[in-house]
Amino acid sequence: MKPRENSLLTHLLLHLLLPLALSSLHPPPHPPRVHVPTLVPHTPTPLSRSRFSAHAQLDFTTHCNSSCLERGEQEAQREQLTDKLAFETLYSDGSRTITTVDVLGDDDEEVEADNGLSFLVSARRVKPRHKRVRRQIYGADGRFNIQGDNFLLDYPFSTAVRISTGCTGVLVSQLHVLTAAHCVHDGKDYVKGARKLRVGFLIPPSINGTIAGLTSSKKPLVRWVRVKRTRVPKGWIQGPQEASMDFDYALLELRWPHRRPFMRLAVAPDLDDLAGKRIHFSGFDSDRPGQLVYRFCPVEEESSDLIYQHCDARPGASGSGVYGRVWDNSGERWERKVIGIFSGHQWLEIDGENRDYNVAVRITPLKFAQICYWVHGNRLDCVQD
């Protein structure tokens with residue numbers, strides 16, 4: 001066995017056996033009880049049809065100063081909060097609507113800015129830099145190709161899917177895929193590929209030969225499924241001058257349900273409540289065509305809306321479901337759950353020094369409530385497990 005293959009096998013065995021070790025660990029000293037607010041949607045308002053004039057930007061890079069590491073805008077106004085959590089829906093026929101929302105607390109009162117939730121809706125925006133930044137591999141490349149039926153069809157790798165615009169997504173229900181907003185919308189308009197958006201499911205080589213019309217090959221083939229509708233938060237659609245990684249997420253609804261396991265969502269815990277203080281994600285990096293690529297790494301920094309890390313990644317991995325092992329209060333066990341969406345690369349200017357990170361969008365209580373409503377269509381089903 002080659003050293004590289006041996007290393008890959010060792011890491012994957014650790015990845016698969018670690019849950020057994022974690023099951024013997026005690027829960028966090030104070031298992032987090034997360035309050036999830038309620039989003040009450042208004043009647044959708046029709047919009048003009050999209051022009052689909054934007055180009056997909058797979059290498060999404062932003063620049064910001066030290067304010068990005070602050071805990072958000074404590075003075076965030078209720079109007080800002082509800083405006084950013086409004087959402088646009090794009091349908092397969094090209095029509096679209098905008099839905100405004102109200103945010104309610106436990107007592108069915110609108111959430112005020114000083115109730116502890118305001119830090120979740122940072123109003124920061126950073127200007128995108130269109131120059132291609134290549135430093136998304138830090139030191140030795142720590143990515144691993146996932147090969148073989150036993151891995152490709154096994155959870156959690158089986159939850160990763162391709163997006164026809166060139167990105168990655170993660171299955172979060174039998175009908176829904178979570179991905180990055182910039183994979184379908186550039187902040188001004190939907191990308192050209194969003195007109196006939198599709199989601200791709202990997203078919204391992206050994207199965208290829210058993211399906212009529214397919215010939216066996218060394219690399220997996222892809223079965224494509226059309227998207228019925230796409231939802232993007234208004235916090236992402238902020239006009240031509242500015243874009244914010246904080247709201248770089250979108251939900252795709254498939255035309256038909258799939259039969260593969262999906263990964264549940266969770267509010268991203270504080271770093272101390274994340275097992276190993278480590279995140280994982282699998283995606284379709286552009287420098288390894290046809291391959292599903294897995295990586296894991298420790299979290300370096302975190303803000304109220306973003307997770308800063310040095311997980312090796314290349315364009316194409318955008319939209320990957322970032323997951324960690326978090327404590328599940330209902331099951332009283334550690335469980336893999338999606339706690340973020342891989343967005344791209346960000347340069348942080350701190351004390352005159354530029355530092356670069358790969359960045360994922362945190363799933364905050366408000367974002368959890370919004371995405372959950374998109375999935376279930378019923379706000380009463382959206383509580384943190």
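Let me start with Cys-297 and Cys-311, which form a disulfide with their sulfur atoms 2.0 Å apart; a disulfide here is a pair of cysteine sulfur atoms within 2.5 Å. The torsion about the S-S bond is -105°, and the link of Cys-297 and Cys-311 is left-handed. Cys-297 lies in strand β15 and Cys-311 in the loop between β16 (306-309) and β17 (321-328), so the bond ties together parts that are 14 residues apart in sequence. Helices (H or I, at least four residues) and strands (E, at least two) are DSSP runs, numbered from the N terminus. Cys-297 and Cys-311 are each buried, where buried means under 20% relative accessible area, exposed means over 50%, and partly exposed is in between, with a 1.4 Å probe and protein chains only.

Before I go on, a word on the source. This is a predicted model, in which local features need pLDDT of at least 70 and side-chain atom pairs count only at pLDDT 80 or more, while totals for chains, interfaces and linings use all residues. Residues are numbered from 1 along each chain as its sequence is written, and side-chain values use heavy atoms, with hydrogens and water left out.

How many disulfides does a search of the whole structure find? The search finds two. Besides the one I began with, Cys-167 and Cys-183 form a disulfide, with sulfur atoms 2.1 Å apart. Its torsion about the S-S bond is about -95°, so the disulfide of Cys-167 and Cys-183 is left-handed. Cys-167 sits in the loop between β8 and β9 (168-171), and Cys-183 in the loop between β10 (176-179) and β11 (198-203), so parts 16 residues apart in sequence are tied together. Cys-167 and Cys-183 are both buried.

Now the overall picture. The secondary structure comes to five helices and 19 strands. Of the 385 residues in the protein, 53% are buried. Among contacts with a separation of 6 or more, 75% are between residues 24 or more positions apart; contact means heavy atoms within 4.5 Å. The protein exposes about 17300 Å², and carbon and sulfur atoms supply 49% of that; the areas come from the Shrake-Rupley method with a 1.4 Å probe, and for residues only the protein chains shown count as cover.

Next, the aromatic rings. A pair of aromatic rings is described by the distance of the centres and the angle of the planes. Rings of Phe, Tyr and Trp (its six-membered ring) pair if their centres lie within 6.5 Å; planes under 30 degrees apart count as stacked, over 60 as edge-to-face, and the rest as tilted. The structure holds 11 aromatic pairs. In one of them, the rings of Phe-157 and Tyr-294 have centres 5.5 Å apart and planes at 80°, so this pair is edge-to-face. Phe-157 is in the loop between α3 (149-152) and β8 (160-163), and Tyr-294 is in strand β15 (residues 292-302), 137 residues apart. Both Phe-157 and Tyr-294 are buried.

What is the arrangement of the rings of Tyr-249 and Trp-374? Their centres are 6.1 Å apart and their planes at 40°, so the pair is tilted. Tyr-249 lies in the loop between β12 (221-233) and β13 (250-254), and Trp-374 in helix α5 (residues 365-376), so the pair ties together parts 125 residues apart in sequence. Tyr-249 is buried at 1% relative accessibility, and Trp-374 is buried at 2% relative accessible area. Tyr-249 and Trp-374 belong to one aromatic cluster with Phe-87, Phe-247 and Tyr-373.

Phe-247 also has a charge over its face: Lys-367, at 5.2 Å from the ring centre. For Phe-201, the charged end of Arg-223 sits over the ring, 5.1 Å from its centre. A charge sits over a ring if NZ of Lys or CZ of Arg is within 6 Å of the ring centre and within 35 degrees of the ring normal.

Last, some backbone details. The peptide bond from Tyr-155 to Pro-156 is cis, with omega near 10°, and Pro-156 is in the loop between α3 and β8. Phe-52 is not a glycine, yet has a positive phi of about 50°. Phe-52 is in the loop between β2 (45-47) and β3 (61-65) and is buried, with a relative accessible area of 6%.

Lys-277, again not a glycine, has a positive phi of about 50°. Lys-277 is placed in the loop between β13 and β14 (278-283). Is Lys-277 buried or partly exposed? Lys-277 is partly exposed, with a relative accessible area of 39%.
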